[in-house]
Amino acid sequence: MASQVISDCLEALELVAKWERAARGADDDLVRELLLEKVQWECGEDVDAEAEVERTFEEDYSPDQPAWKEFCGELARTRRDAIDTIVYESQGIGGLEAVEALAKARQFATEEQEERKLERAQQVVAIDFLSDVITEVARRRPQYSNKSISRYWEFGNIKLRLSDHELPPAYSPSDIDITVGRLNPDTHYHLPVPYTTDQLLSLEREVRELIAKLLEREEEDSEEE
């Protein structure tokens, strides 16, 4: 169900972008045609689309503003709603499906607030994805921070930390830090936001190799004891 909702929202973003390009500076007749397409797409046969177009022009659009500007304002609200829905639904499905949905949605973001919202969602989804990978390979569940989305795993006297910010000074120099974020901190492993699916998968491979080495070292230390 969530996948279908996201698919519908991505379709909406594509259509909004198409209608915006066609509408800018257009005369009222073309705006009516574009609005008719929008109403038909949204409502199907449930409403009289032509009557709804005329009602919109008469009741919703200001006579003091060009119709194309009113229409583009309406499209902007549709875009924001679609992005909000994709962000919300992506938290539920997680994994690569969510990663790719957010990346596609970001192509249609035109406002800084929309971009930041999608970047934050990408950040959370990537951290959850990598957390699942570490938990699977390490065969142990993470411990969570009470103050952030950070989490960490212990391998003997080494802590592996996955976070959206750098290690605080209180952590041991032997600890390992994996970060996901907009900035590029001085950490052992970092995934920049926004990122591509290939970048995330590349980091996943590195993390799997890292966990294998930590498990091997942990076993060696245990044998020495």
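A salt bridge is defined here as a side-chain nitrogen of Lys or Arg within 4 Å of a carboxyl oxygen of Asp or Glu. The exercises below concern a predicted model, in which local features need pLDDT of at least 70, side-chain atom pairs count only at pLDDT 80 or more, and totals for chains, interfaces and linings use all residues. Residues are numbered from 1 along each chain as its sequence is written, and side-chain values use heavy atoms, with hydrogens and water left out.

**Exercise 1.** Determine which parts of the structure are tied together by the salt bridge of Asp84 and Lys117.

Solution. Step 1: the side chains of Asp84 and Lys117 meet in a salt bridge, at 2.7 Å from N to O. Step 2: Asp84 belongs to helix α4 (residues 67-93) and Lys117 to helix α6 (residues 112-138), so the pair links parts that are 33 residues apart in sequence. Helices are DSSP runs (H or I, at least four residues), numbered from the N terminus. Step 3: the relative accessibility of Asp84 is 32%, which counts as partly exposed; Lys117, at 31%, is also partly exposed. For these classes, buried means under 20% relative accessible area, exposed over 50%, and partly exposed in between (1.4 Å probe, protein chains only).

**Exercise 2.** Classify Arg106 and Glu119 as buried, partly exposed or exposed, and locate their salt bridge.

Solution. Step 1: Arg106 and Glu119 are joined through their side chains by a salt bridge of 2.9 Å, N to O. Step 2: Arg106 lies in helix α5 (residues 95-106) and Glu119 in helix α6, so this pair connects parts that are 13 residues apart in sequence. Step 3: Arg106 has a relative accessible area of 24% and is partly exposed, whereas Glu119, with 5%, is buried.

**Exercise 3.** Describe the salt bridge between Arg55 and Glu52.

Solution. Step 1: the closest N and O atoms of the pair are 2.9 Å apart. Step 2: both residues lie in helix α3 (residues 49-60), three residues apart, about one turn of the helix. Step 3: Arg55 is partly exposed at 27% relative accessible area, and Glu52 is partly exposed at 25%.

Key
Helix = DSSP H or I, 4+ residues; strand = E, 2+ residues; numbered from the N terminus.
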